[in-house]
Protein chains: 2
Amino acid sequence: MGQPRLAIDLDRLRQVLAGVNRFGFNPQSGGFNRIGYSDADMAVRAWFEDQMRADGLMVTRDGVANLFGRFGPANGPCVMIGSHLDTVPEGGAFDGALGVCVGLECVRAIRAAGLTPAIAIEVVATAEEEGRFGGMLGSQSIAGVVTPEWLVTAQDADGVTLTAAMAAQGLDALNALKARRKPEDFHAFLELHIEQGPALESRRRSAGIVHSVAGVRNLRVDFIGKANHSGTTPMNLRADAFAGLATVGAAIPEIIAQHGGENTRVTIGKVDLRPNFIHTVPGQAEFVINLRDTDGATMDAVEAALRDQIEVAARACNLKSHIVEQSRIAPVKLDSTLAAMLHEEAKALGLGAISMPSGAGHDAQTMQTLCPAALVFVPSRDGVSHSPEEWSDWGDIERGANLMLAALLRLSGAR
Amino acid sequence: MGQPRLAIDLDRLRQVLAGVNRFGFNPQSGGFNRIGYSDADMAVRAWFEDQMRADGLMVTRDGVANLFGRFGPANGPCVMIGSHLDTVPEGGAFDGALGVCVGLECVRAIRAAGLTPAIAIEVVATAEEEGRFGGMLGSQSIAGVVTPEWLVTAQDADGVTLTAAMAAQGLDALNALKARRKPEDFHAFLELHIEQGPALESRRRSAGIVHSVAGVRNLRVDFIGKANHSGTTPMNLRADAFAGLATVGAAIPEIIAQHGGENTRVTIGKVDLRPNFIHTVPGQAEFVINLRDTDGATMDAVEAALRDQIEVAARACNLKSHIVEQSRIAPVKLDSTLAAMLHEEAKALGLGAISMPSGAGHDAQTMQTLCPAALVFVPSRDGVSHSPEEWSDWGDIERGANLMLAALLRLSGAR
């Protein structure tokens with residue numbers, strides 16, 4: 001097992017992350033609130049911009065508040081490294097912010113060693129990754145996959161439009177269309193992120209190198225039966241919408257066993273019964289089936305089996321069913337050459353990294369449309385994320401950051 | 001098939017029911033709103049009292065606003081006939097009110113024929129049967145089964161206490177304790193009510209004579225698992241509270257087949273998931289299992305099987321479970337001699353009445369603790385009740401009312 005030529009400075013990394021986390025902290029809950037285009041989100045960008053500038057990086061912002069700090073040649077393609085600075089409401093200390101801070105720390109370590117990259121390095125803090133408005137606006141704008149229609153209609157859960165939220169920060173949402181960058185601008189994209197799941201912890205590994213990011217399909221199902229008195233309506237004369245839902249829910253393990261794979265996830269997380277009253281047979285059940293997998297054909301097979309099961313349940317329980325596809329994101333395979341290089345570097349560092357899928361969406365999957373992209377996970381304690389309890393071990397973080405540094409040195413040809 | 005010696009006057013019955021339904025009518029929805037101890041509830045009582053007084057009945061009210069109109073001997077036991085005048089919010093035109101009006105119409109028919117009862121007849125309009133405060137306060141006060149503790153703590157779904165609601169109408173809730181009447185005051189109790197279910201309609205029968213009223217047990221179940229990201233949490237590392245609920249819900253038909261009978265009803269009508277979010281594995285599921293049956297031993301067996309299934313589901317889905325019995329009302333067998341007499345009279349009237357259970361609670365089950373009590377159902381269109389769509393055919397109503405009249409003539413010895 002080799003020693004890295006260079007190493008990141010863990011204390012310096014902790015300090016910059018602590019600096020980021022002074023923005024949006026709620027001392028009552030312990031949660032962090034840097035919702036996309038909130039005041040705290042804009043303030044943390046201004047602070048981080050100052051940090052990068054103090055390090056001699058050439059700083060630019062685009063029209064959606066993506067923040068770039070460039071080190072090395074002013075022209076030509078770059079190796080981009082980073083993640084996002086925005087959080088979900090009451091989020092944790094590591095989600096997104098850690099990856100941005102690791103990017104900056106890697107540059108600091110390279111600079112401190114007196115090295116210069118042959119290919120420029122750009123540290124990026126993307127905007128609005130957490131999907132307040134239903135997308136990953138920052139990286140999607142860089143990749144040029146947002147449409148004017150979406151920009152002017154998108155709104156958050158409270159009905160605030162994207163255009164209004166951006167205007168309140170002096171931004172014009174339509175400038176997202178000018179934020180597009182060309183594939184020639186990129187040599188590679190690297191992102192470190194917390195896993196937000198339990199796989200690494202349960203397998204006692206310090207790092208995961210992501211081979212693909214799961215696609216997502218949300219099917220909203222309405223079962224329509226008949227609300228009736230729970231005492232006076234015999235079982236065989238009911239049209240019980242909950243009974244239909246239970247039939248679908250109970251069939252999920254068998255559907256996955258038959259049609260899914262090890263990366264298949266089927267979740268019914270949201271359920272609304274009507275009238276939702278103890279003494280009334282539910283006349284309506286509205287629920288959403290969230291299906292994820294890294295393989296499109298597997299998703300098709302599982303979705304077909306779920307739709308069959310919905311029909312079976314509706315017939316058995318005397319219900320009408322109505323299915324609407326609420327969203328659909330295709331799975332993405334990340335660059336396998338880049339992943340192989342990361343495995344090599346991980347091995348050289350003595351890091352038992354595993355190859356794994358990502359169940360959640362990340363900027364790397366969008367950047368893969370422009371250039372080879374890689375995503376490295378560090379473990380999440382108890383698999384918890386999007387919560388003040390989110391935590392990652394600093395030893396794991398140090399190992400993950402050194403892996404990113406090794407990859408960055410190699411990709412940028414720094415010497 | 002014989003003809004009744006006397007018959008009720010359907011037009012007169014329709015008129016008095018229309019009179020009752022001028023109170024609490026909502027012209028927007030078509031619903032009726034005479035919630036227990038509301039102004040509309042008190043106003044309809046005053047109006048109905050006037051009707052009874054105009055018919056020469058001796059009218060009294062007790063401390064909870066039960067209204068009695070006596071015809072015949074001033075002393076000695078009575079045959080009581082009636083039901084309740086209060087409604088659920090946005091209830092229908094027939095629930096309760098029809099039974100009270102049929103009681104008055106029977107007396108009117110007897111009086112119009114110049115007959116006098118040997119045993120007094122009392123028409124009753126009970127108070128607060130619909131359980132705004134969680135009981136059947138009117139008949140329970142007559143039967144002496146309310147406690148001071150309950151009276152001072154009972155409150156409605158909006159947190160209004162029984163004592164406050166009654167005080168607002170000039171009533172002292174503790175007077176419920178003085179409303180108790182002695183078993184010697186009663187010869188029998190008769191109630192006509194709409195079925196509120198589909199059994200009579202589906203079997204094309206005009207009347208049902210109830211042999212027993214189902215008991216009710218409500219089990220509130222909490223499944224506690226762990227909220228997690230739906231993408232990053234592998235299926236085998238989840239503690240999905242909805243998966244546990246679906247396992248229980250899907251097992252209900254088999255549990256009834258194994259341990260229940262034809263009168264067993266198991267309903268999961270109320271479900272609350274937390275956080276109830278599309279992309280989160282539900283960490284908690286709170287739901288209520290409503291179990292009804294006319295037989296206590298069957299209820300015990302079904303409840304035991306449900307509790308076993310809850311344990312099985314909790315173990316399978318890695319959940320903690322917590323069960324609280326929220327309410328428990330024992331099943332009641334109504335008087336079989338009285339029921340047999342009603343079947344005889346129904347036969348004499350050419351009415352193909354069936355013997356059936358009641359899945360819902362009624363005043364008759366409380367009165368059975370004091371005297372032989374009988375409950376007669378007339379069909380409900382589509383089984384619908386507690387709704388503006390509630391409807392019963394006037395031909396069926398006429399047949400049912402004539403059955404009540406025949407029974408009343410026989411029990412009171414009117415001649």
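Author: Let's begin at A:Pro275, which sits in the loop of chain A that runs between strand S11 (265-274) and strand S12 (280-281). Please keep in mind that this is a predicted model. The peptide bond between A:Arg274 and A:Pro275 is cis, with omega at about 0°. Chain B has a counterpart: B:Pro275 is placed in the loop between S11 and strand S12 (280-281) of chain B, and a cis peptide bond with omega of about 0° links B:Arg274 to B:Pro275.

How do the two chains relate? Chain B can be laid on chain A by a rotation of 180° with 0.0 Å of shift along the axis, and the RMSD is 0.0 Å. The two copies are therefore related as by a two-fold rotation axis. Within chain B, B:Ala246 has the C-alpha nearest that axis, at 2.1 Å from it. The copies also meet through the same surface, because 100% of the interface residues of chain B are interface residues in chain A as well.

Now follow strand S11 of chain B to one of its neighbours, helix H9. The buried residues of H9(B) pack against strand S11 (265-274), and also against strand S9 (215-224), helix H8 (241-259), strand S13 (284-293) and strand S14 (320-329) of chain B. Among those buried residues are B:Met299, B:Val302, B:Leu306, B:Ile310 and B:Cys317, but also B:Thr298, B:Glu303 and B:Gln309. Helix H9 itself covers residues 296-317, so to speak 22 residues in all, and spans 31 Å from first C-alpha to last, close to the 32 Å expected at 1.5 Å a residue. Both ends have a detail worth a look. At the start of H9(B), B:Asp295 brings a side-chain oxygen to within 3.3 Å of the backbone nitrogen of B:Ala297. Just after H9(B), B:Asn318 has a positive phi of about 65°.

Positive phi turns up elsewhere too. A:Glu90 is not a glycine, yet its phi is positive, at about 55°. This residue belongs to the loop between strand S5 (78-84) and helix H3 (97-112) of chain A, and A:Glu90 is partly exposed, with a relative accessible area of 25%. In chain B, phi of B:Glu90 is likewise positive and near 55°. B:Glu90 occupies the loop between strand S5 (78-84) and helix H3 (97-112) of chain B, and is partly exposed at a relative accessible area of 25%.

Let's finish with a helix pair in chain B. Helix H1 (residues 10-20) and helix H2 (residues 39-54) have axes that come within 10 Å and cross at roughly 145°. From H1(B), the residues B:Val16, B:Gly19 and B:Val20 meet B:Val44, B:Trp47 and B:Phe48 of H2(B). Sorted by class, that contact has five nonpolar residues, one polar and no charged ones. Helix H2 of chain B also holds B:Arg45. Is B:Arg45 buried or exposed? B:Arg45 is buried, with a relative accessible area of 0%. Leaving aside residues up to four places away in sequence, B:Arg45 touches B:Arg61, B:Ala65, B:Leu67, B:Leu85, B:Asp86, B:Ala125, B:Thr126, B:Ala127 and B:Glu128.

Conventions. Residues are numbered from 1 along each chain as its sequence is written. Chains are lettered from A and ligands numbered from 1 in the order in which they are written. This is a predicted model: local features need pLDDT of at least 70, side-chain atom pairs count only at pLDDT 80 or more; totals for chains, interfaces and linings use all residues. Side-chain values use heavy atoms; hydrogens and water are left out. Axes are lines fitted to C-alpha atoms, for helices over the stretch in contact, and angles run from 0 to 180 degrees between N-to-C directions. Helices (H or I, at least four residues) and strands (E, at least two) are DSSP runs, numbered from the N terminus. Contact means heavy atoms within 4.5 Å. Ala, Val, Leu, Ile, Met, Phe, Trp, Tyr, Cys and Pro count as nonpolar, Asp, Glu, Lys and Arg as charged, and the others, Gly among them, as polar. The expected span of a helix is 1.5 Å times one less than its number of residues. Buried means under 20% relative accessible area, exposed over 50%, partly exposed in between (1.4 Å probe, protein chains only). A polar contact is a pair of N or O atoms within 3.5 Å; within protein, one must be able to donate a hydrogen and the other to accept it, and residues adjacent in sequence count only if both atoms are side-chain atoms. Copies are superposed by least squares on the C-alpha atoms of residues with pLDDT of at least 70 in both.
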